[in-house]
Every structure is written in structure tokens, then in C-alpha cells.
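Subject: Handing over a structure, with notes

Hello,

I am passing a structure on to you, together with some notes that you can read beside it. Please open it first and keep it in view while you go through the rest.

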Amino acid sequence: MANAFDFELVSPERLLLSEKVTEVVIPATLGEMTVLANHAPTMTTIKSGLVTVRLASGQVAKYVVFGGFADILPTGCTLLAESAVPESEASRDLLDKKIKDLRSEIDNTLSDDHRTKLEHMLADLTHLGGTLPA
Amino acid sequence: MPSLKDLKNRIASVKATQKITKAMKMVAAAKLRRAQEAAEAARPYAERMNRVLASLSAANAENAEAPLLLKGTGKNQVHLLIVATGERGLAGGFNSSIIRMARDHALKLISEGKTVKILTVGRKGNDILRRTFRENIVDYVTFREVKQLGFVNANEVAQKVLALFNAGEFDVATLFYARFQSVISQVATAQQIIPAKFEDAAAGSSASALYEYEPGEQEILEDLLPRNIAVQIFRALLENNASFYGAQMSAMDNATRNAGEMINKLTLSYNRQRQAQITKELIEIISGAEAL
């Protein structure tokens with residue numbers, strides 16, 4: 001039995017989850033990473049993607065997050081997402097709307113740096129679209 | 001001296017007003033509870049964000065290449081005032097106290113020879129500030145159509161502010177809103193958001209050395225600082241919202257009580273006059289009978 005640690009998933013609007021968990025997979029900017037108990041203190045930005053949480057009770061919960069960052073300590077992990085929804089509530093429509101907004105933002109932006117960043121986000125979202133149930 | 005009929009009409013109209021203010025008080029109370037819950041729900045995010053940024057900024061305080069959002073442009077010439085007010089009135093001194101604070105601040109800056117630009121959020125503030133500072137208002141955001149204030153709304157404001165900052169339009173940004181203390185007390189507050197200031201910068205510095213950063217400390221800081229602006233604005237908007245309903249609730253409570261007092265007074269003079277009239281009629285009848 002793996003050690004449990006505290007995990008919190010917060011969006012600016014509400015606290016989505018605050019539980020004891022044994023394992024969390026987060027979509028970090030430099031690639032997916034799995035966080036177990038006693039992880040070295042790490043701070044990482046995350047991209048849009050799927051967060052998989054294995055609760056201490058053995059259940060698995062999945063959340064779709066859109067950007068943000070994670071604060072990882074040996075005793076716990078806090079994920080601050082710009083916006084997050086449970087996977088069950090994440091629909092294709094929601095994603096399509098985000099993609100559409102992003103597209104129009106890409107068309108309107110002037111700075112190249114910003115556009116590159118947005119295009120990365122767009123790629124993440126499109127990728128995410130493939131993993132969601134239709 | 002108003003006639004009996006006039007008095008009766010006035011009593012009826014004050015009663016109607018009282019019913020309206022009473023209903024508004026109830027509505028404000030219900031909305032206040034929801035606004036307060038929203039403000040509470042947003043707190044954990046803002047707190048963690050603040051903690052992380054405090055430790056990061058403490059570590060980067062000496063860094064010459066720190067992002068401009070953190071250390072400022074090095075100038076203090078052009079000020080942006082972001083004034084967040086309500087969309088509606090009928091909330092006692094809520095709007096005017098925020099506006100007064102913003103106006104005093106603006107006048108002080110102008111007298112010091114600084115340039116002032118104003119971004120208003122909310123219709124009321126825009127209407128009133130437009131009278132005095134027509135040339136200074138650079139942008140105006142309204143949430144009239146918005147039912148439930150969300151992070152997207154705050155982000156919209158933040159993007160405007162950041163676009164102005166990146167274009168070098170201002171050096172210092174201050175946010176004006178009413179902090180929610182309790183139902184009867186809301187405090188107009190000025191908070192500097194650019195360059196960023198953190199309350200417990202010293203406390204966080206010790207932990208920062210242990211962290212591993214992915215991708216890098218600098219990149220994270222650059223990613224987080226703009227986001228922090230949106231979070232700060234979001235928090236201010238939520239506090240403002242709660243304050244608005246708090247102020248409205250107590251204003252409407254007062255109005256209902258005043259209407260009650262007025263009804264009592266009017267009823268008293270109505271009854272007095274009615275009695276006076278009856279007495280007068282009696283005297284007329286009696287003296288008429290005596291004259292026979």
C-alpha cells in the first residue's frame with residue numbers, strides 16, 4: 001500500500017478537491033509527471049490536460065484542467081488551475097468553445113511570443129479533445 | 001394643512017414604498033449570502049497564489065532581470081487607477097465612498113504633477129467619474145449583463161490592464177474597491193497591484209531555496225505574475241460584490257424603518273385631523289340645536 005498524502009485541486013472560483021491521495025498524474029509543461037508521497041519540493045507550470053487522482057480509498061478521479069501551476073511538497077501537492085472541471089462534466093462543447101475563443105485570440109494578438117504561447121495551448125486542447133469521450 | 005384625503009393618499013404611497021424597500025432588503029440578503037460564499041470559495045486560490053509568489057519574488061528581489069510586473073518600470077510618473085464600483089445604486093454610501101477615495105487619490109497625484117489614467121469597472125463609477133475626469137478615463141468595463149461573476153470576467157479586465165502595461169501606458173496601477181468586513185461595514189480600499197506587493201514576502205523566503213523549478217524560476221514567475229493580476233482583480237470584484245449587497249441590505253433596512261416611522265407620524269396626524277373634524281361637526285350640530 002502506497003503512502004497517502006494531501007492533494008488539493010483549486011480553481012479561482014472554488015476548491016474542487018481536498019483529499020488524501022496516493023498518486024496524482026499531472027500534465028506538467030515539460031511532460032506528464034506522477035506525484036507520489038515524499039516527492040521532492042517542486043514547482044511546475046501545467047498545461048491543459050487531464051489530471052488523474054488515485055484517492056486513498058482506491059477510487060480514481062479524473063479532472064480536466066486548463067493551465068495553471070502545481071506546488072509540490074513532500075507532505076502534499078496543491079494544484080492551482082486557471083479553470084478545472086471534473087471529467088464527467090467536461091463536454092466536447094465546452095472544449096470546442098475554448099478552442100474557438102483561443103482561435104479568435106490568436107487572430108487578434110499582435111505579439112509573436114504571445115501567439116506562439118497561444119498556439120501551444122491550442123495544440124494541447126486539440127490533443128485533449130482526442131482523449132475525451134465524444 | 002393637508003386635507004384628510006391627501007393624508008390618506010400619502011400613507012398609501014409610503015406603505016407601497018416600504019413594501020418595495022422591504023422586498024429589496026430580502027433580495028439583497030439572499031444575494032449577499034451567495035456573494036459571500038463565492039468570496040470564501042475564491043480565498044484558497046488567492047492565498048496559495050500569494051504564498052508562492054511571495055517566496056518567488058523574495059528570491060528574485062535582487063535580480064536585475066526580474067519581470068517588470070514585479071519590480072516596476074522604475075518610474076513613478078503615469079498612474080493607472082482601476083476603480084471597481086457597483087452596477088446599480090440604492091446601496092447607501094457604497095459607490096460614493098469608493099469614488100471619493102479614488103477621486104482624492106487622483107487629485108493628489110495630479111497636484112504632484114503626475115499623469116492619471118482611469119479604468120472604471122461598473123456603470124456607477126463610470127457615470128460619476130466621467131463628470132470630473134472625462135479626459136482621464138481610458139477604458140470602461142461593465143458587468144451589467146453578467147449574472148454570476150466568474151473568473152473570466154476578472155480575466156477580461158486583467159487582460160486590458162496588462163495590454164496597457166505592456167504598451168508602456170502606465171507605471172503604477174492601483175485598484176480601488178470596497179473590502180467586505182461585515183454587513184454593516186465595508187471599507188473602501190486602495191491596493192497597488194503593479195508593481196506587485198506581497199504582504200508576507202519575508203516569511204516565504206526561507207522555503208524558496210529548497211524548491212526545484214520546472215521549467216525555470218524565471219519562466220514560472222513570468223507565467224504567474226500576469227495571472228496574479230487577474231486573481232487580485234477577481235478577488236476585488238468578489239469582495240466588491242459582497243460589499244454591495246451588504247450595503248444595499250443595510251440601506252434598505254434603514255429605508256424600511258424610516259418608512260415605518262413616517263407611516264406612524266402620518267397616521268397620527270390623520271387621526272388627529274379626523275377627530276378634529278368630528279368635533280367640529282358636533283359643535284356645529286349642538287350650537288345649531290341650541291340656537292333653535
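What follows is a short account of what was found, taken topic by topic.

This is a predicted model, in which local features need pLDDT of at least 70 and side-chain atom pairs count only at pLDDT 80 or more, while totals for chains, interfaces and linings use all residues. Residues are numbered from 1 along each chain as its sequence is written, and chains are lettered from A, and ligands numbered from 1, in the order in which they are written.

Where the chains meet

The contact takes 21 residues from chain A and 21 residues from chain B, where two residues are in contact if their C-beta atoms, placed from the backbone, lie within 7 Å. On the side of chain B that touches chain A, the elements giving two or more residues are α1 (4–59), β6 (212–214) and α7 (217–291) of chain B; helices (H or I, at least four residues) and strands (E, at least two) are DSSP runs, numbered from the N terminus. The largest share of that side, seven residues, is supplied by α1(B). Strand β4 (residues 42–46) of chain A is joined to β6(B) by three bridges, and these strands run parallel; two strands pair if DSSP finds at least two bridges between them. Within this pairing, T42(A) has E212(B) as its bridge partner.

The two domains of chain A

Chain A is divided into domain 1 (5–88) and domain 2 (91–131), with bounds that come from an automatic or database domain assignment. The centres of these domains of chain A, taken over C-alpha atoms, are separated by 22 Å, and six residues of domain 1 are in contact with six residues of domain 2.

The sheet of chain B

In chain B, five strands form an open sheet in the order β3-β2-β1-β4-β5, with mixed pairing. Because β3 (137–141) and β5 (185–194) of chain B stand at the edges, each with a single partner strand, one side of each is left without a neighbour in the sheet. Strand β2 (residues 115–121) of chain B pairs with β3(B) in the parallel sense over four bridges, and V121(B) stands opposite V141(B) in β3(B). Helix α4 (residues 123–132) of chain B packs on the sheet, touching β1 (78–84), β2 and β3 of chain B, and its direction makes about 150 degrees with that of β2(B); axes are lines fitted to C-alpha atoms, for helices over the stretch in contact, and angles run from 0 to 180 degrees between N-to-C directions.

With best wishes
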